[in-house]
Amino acid sequence: MAAAETGAVASGSAVSSGQRGVSRVLAKLSQSLAGGEFYEAHMMYRTLYFRYTAQKRYEDCLDLLFDGAQQLIAKEQESSAADLCLLLVDTLEKRGPQAEDTDNFLWVPRLGALIRGLNAATVERETLIQRTIKWSTTLHGQYGHPVLHKLIAHVFWTEGNIESARHHYLLCQDGSLCGRVLIEISQSRGFQGEVDLFLVQAVLQQLSLKDRKTAEDTFTEYTRYHTKLLRNEFPYKEPLVNFLYFLFRLIDAKSVAGFRALRKLYDPSLKRDTSFLKYVAKIGVIYFDEQPEAAHAGLPGLGGMFGGIFNRLMAGFDEDDTEDQGAPEGRQSVNNELD
């Protein structure tokens with residue numbers, strides 16, 4: 001009994017000593033920040049990180065690192081701040097997902113704010129973005145949390161990095177916002193003959209990511225409000241926009257024969273961008289149970305009742321519209337692919 005009591009006292013003394021040590025480091029840390037000794041402050045944050053995580057004091061560690069990163073950003077010490085941000089993500093990974101969804105979600109906007117505070121020239125920022133998205137997959141599927149993607153997209157957009165912004169907007173699961181962004185990109189960077197390409201690539205990518213609802217919301221926003229579309233309702237003047245319209249209907253109907261007929265009919269238009277056929281093949285696998293190895297095989301003709309109805313429905317206006325536009329088909333879309 002005496003030995004147990006002695007052990008308990010010793011353990012309590014060790015804890016008390018450790019707490020005093022942390023308090024001393026915190027006091028010195030505050031002095032270093034006030035005195036502009038940022039390298040020393042950075043090293044003390046790292047020391048406390050190792051102590052807290054060793055003791056599994058994850059909440060204390062997270063609060064400390066978040067506050068430290070904010071202070072270093074305010075002092076324009078972006079590289080040191082980015083390092084603390086990476087340690088923060090590391091701590092979140094060590095802690096693991098929490099049962100309380102509100103606590104998990106708390107760190108999504110906080111990390112977004114820290115990323116926004118870092119200068120685009122900060123070398124570590126790209127690594128931080130990748131690590132943060134990877135961490136968020138534990139909260140929201142394999143592509144990461146959509147709110148995080150939206151926050152990151154806004155950062156890139158305000159910096160004029162349109163390609164990176166577009167990538168994250170496509171993953172933010174806000175089709176209306178994505179549609180508006182695509183309209184702005186199309187109007188500022190595209191030619192008249194490309195007005196459909198910006199929409200088609202984005203929607204095919206979203207469908208390939210199994211995000212059916214966002215894809216149709218993007219389609220609706222874009223076709224309703226883009227002033228350079230020759231017609232803002234079905235039947236559209238641009239053949240590929242009609243292709244998307246029919247594709248949504250066929251996905252709902254789960255019509256394999258219809259999908260194959262549609263793909264065959266619009267094959268010449270789909271070849272305007274080499275990525276389109278790849279995405280259409282993925283869509284065939286996802287929504288119509290096609291075999292991956294047969295995705296690029298020769299397609300059957302438009303036979304049977306469906307083919308006849310479809311050809312009558314489509315007859316005339318696609319061909320006439322190409323002549324009406326009087327514009328070249330244009331170069332391939334300037335946007336990067338989502339692999």
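## Packing of helices α12 and α13

In this predicted model, helix α12 (residues 239-253) packs against helix α13 (residues 256-265) at an angle of about 170°, and their axes lie 10 Å apart. Helices here are DSSP runs of H or I with at least four residues, numbered from the N terminus, while axes are lines fitted to C-alpha atoms over the stretch in contact, with angles from 0 to 180 degrees between N-to-C directions. The two helices are therefore roughly antiparallel, a term for angles over 145 degrees.

| Helix | Residues in the contact |
|---|---|
| α12 | Phe243, Phe246, Leu247 and Leu250 |
| α13 | Gly258, Phe259 and Leu262 |

By class, this contact of α12 with α13 has 6 nonpolar, 1 polar and no charged residues, with Gly counted as polar.

Leaving aside neighbours within four places in sequence, Phe243 is in contact with Leu204, Leu262, Tyr266, Leu270 and Val280. Ser269, found in helix α14 (residues 267-270), touches Pro239 and Leu240, not counting residues up to four places away in sequence. At 19% relative accessibility, Ser269 counts as buried, which means under 20% relative accessible area (1.4 Å probe, protein chains only).

Elsewhere, 14 of the 18 residues of α4 are buried, so this helix is largely enclosed by the rest of the structure. Just after α4, Gly96 takes a positive phi of about 80°.

Residues are numbered from 1 along each chain as its sequence is written. Local features need pLDDT of at least 70 and side-chain atom pairs count only at pLDDT 80 or more, whereas totals for chains, interfaces and linings use all residues, and side-chain values use heavy atoms, leaving out hydrogens and water.

Note on methods: Buried < 20%, exposed > 50% of the residue type's maximum accessible area, 1.4 Å probe, protein only. Contact = heavy atoms within 4.5 Å. Parallel < 35°, antiparallel > 145°, perpendicular 65-115°, else oblique.
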